[in-house]
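Hi,

Here is the structure I said I would pass on.

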Amino acid sequence: MMMSRGARRHAGSVSRYFSTAVLRPATAAALDAGIGCAFRAWNPAMASVEALVARMGFPVAGSRRMSTVALGDKQQDEKKIEGSAGGAAATNTGPSGGEIVSYWGVAPSKVSKEDGTEWKWSCFRPWETYKADLNIDLKKHHVPVTFLDKVAYWTVKSLRLPTDIFFQRRYGCRAMMLETVAAVPGMVGGMLLHCKSLRRFERSGGWIKALLEEAENERMHLMTFMEVSKPKWYERALVISVQGVFFNAYFLAYIISPKLAHRIVGYLEEEAIHSYTEFLKELDKGNIENVPAPAIAIDYWRLPPDSTLKDVVMVVRADEAHHRDVNHFASDIHYQGQQLKDSPAPLGYH
Ligand SMILES: [Fe+2]
Ligand SMILES: [Fe+2]
């Protein structure tokens, strides 16, 4: 199943979603950005890099376009390039809508969806999207056997009580707040494995990427729930405090015992599945309004345009089940006396 999801992800994204990639040639960019300035000062008659290139015997007219590497129909790409990679100074649109000009030649790539409309998300690209596997077993549970398993299990269970008291049945808010925590372990684990790989001159078996993928996936859950629930000032303050404590606690736990750290996350994910199941029950009862799905969720999980919050919660819950599997699996690898790099990571499994 892992392989088929991964293959589908790549095949689908490249052929159906990824219509244009604009890459500027390093040579032209370097000439434009670096040599151009000095050269203009040295010889005013050679006022442009194009003139220099012409003297060197290369075609000048449309030199940038001629040397642009693009996937797909060349003429169609040229139209898109018109608006994306202008001159030596690349332009981009900033958050305030104003144009940012830079002479570094870093041109924003323009990507289109399969229907020809522009891809509007800069925080993720079409090839990072996927269809969630809703058939995953949601009831799977790792029975705590060893002392460390029990520590992990009861640590998570004890965290559940204050969470239940604080949020009660406000599941939208609860989901948003918990995602701010859930996105931490993957980043911490990935970062520590990254540093270990550098220190020991060894490969990671794909686990750095797998854990960072998990962190990014969790962060996308947060970006989605932000659209349906806005944090109040005291909730923001709580997130800052919790992050300060949790990041450091997990960092230390991962250094001391990665098998405990992954087991804790495995149980946290089991709790997340439970929370989202309760969320769905509240939606079914009508206690929470089943509003239309946020646009970012529709694009990220490739949902039908008329999807609702319930559809979003279903795919998020499926993601949590995948995180559960990955983290219990990682803990099991350590339990069997091996390191994560000894077993290929389940890349794209979420
Ligand atoms: Fe999540
Ligand atoms: Fe998760």
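**What I found**

Leaving out residues up to four places away in sequence, A261 touches G189, Y250, A253 and Y254; a contact here is two C-beta atoms, placed from the backbone, within 7 Å of each other. A261 also turns up among the residues with the most contacts inside the largest nonpolar core, along with I264, V312 and V313. That core has 42 residues. By nonpolar core I mean a set of buried Ala, Val, Leu, Ile, Met, Phe, Trp, Tyr and Cys residues joined through C-beta atoms within 7 Å. A residue is buried with 20 or more other C-beta atoms within 10 Å of its own, exposed with 12 or fewer, and partly exposed in between, the C-beta atoms again being placed from the backbone.

Before going on, the housekeeping. This is a predicted model, where local features need pLDDT of at least 70 and side-chain atom pairs count only at pLDDT 80 or more, while totals for chains, interfaces and linings use all residues. Residues are numbered from 1 along each chain as its sequence is written, and chains are lettered from A and ligands numbered from 1 in the order in which they are written.

At least two of its residues come from each of α7, α8, α9, α10 (258-285), α11 (295-300) and α12 (309-335). The biggest contributor is α10, with 11 residues. A second, separate core of 10 residues includes W207, I208, A210 and I333. As a general point, nonpolar side chains tend to be buried together in soluble globular proteins.

**The chain overall**

The protein chain has 12 helices and two strands, where helices (H or I, at least four residues) and strands (E, at least two) are DSSP runs numbered from the N terminus. In sequence order the pattern is α-α-α-α-α-β-β-α-α-α-α-α-α-α. Of its 350 residues, 32% count as buried. Looking at contacts with a separation of 6 or more, 73% are between residues 24 or more positions apart.

**Helix packing**

How do α7 and α8 cross? The axes of α7 (residues 171-200) and α8 (residues 207-225) come within 7 Å and cross at roughly 160°. That makes the two roughly antiparallel. Axes are lines fitted to C-alpha atoms, for helices over the stretch in contact, with angles running from 0 to 180 degrees between N-to-C directions. Under 35 degrees counts as roughly parallel, over 145 as roughly antiparallel, 65 to 115 as roughly perpendicular, and the rest as oblique. The crossing of α7 and α8 is left-handed, meaning the near helix is turned anticlockwise from the far one by less than a right angle (clockwise would be right-handed). Sorted by class, this contact of α7 with α8 has 13 nonpolar, eight polar and four charged residues. Ala, Val, Leu, Ile, Met, Phe, Trp, Tyr, Cys and Pro count as nonpolar, Asp, Glu, Lys and Arg as charged, and the others, Gly among them, as polar.

α7 also packs against α10, at about 160° with the axes 11 Å apart, so these two are roughly antiparallel as well. Their crossing is left-handed. From α7 the contact takes in Y171, R174, A175, L178, A182, P185 and G189, and from α10 it has A261, V265, L268, A272, S275, E278, F279 and E282.

A210, E214, N217, H221 and T224 of α8 meet V312, V316, D319, H323 and V326 of α12. Here the residues divide into four nonpolar, four polar and two charged.

**A few loop residues**

Most residues other than glycine have a negative phi. F201, in the loop between α7 and α8, has a positive phi near 55°. F201 counts as exposed because it has 6 C-beta neighbours inside 10 Å. R302, in the loop between α11 and α12, has a positive phi near 50°. With 17 such neighbours, R302 is partly exposed.

S229 sits in the loop between α8 and α9 (233-256). Its C-alpha is 6.2 Å from that of G172, 57 residues away in sequence.

Cheers
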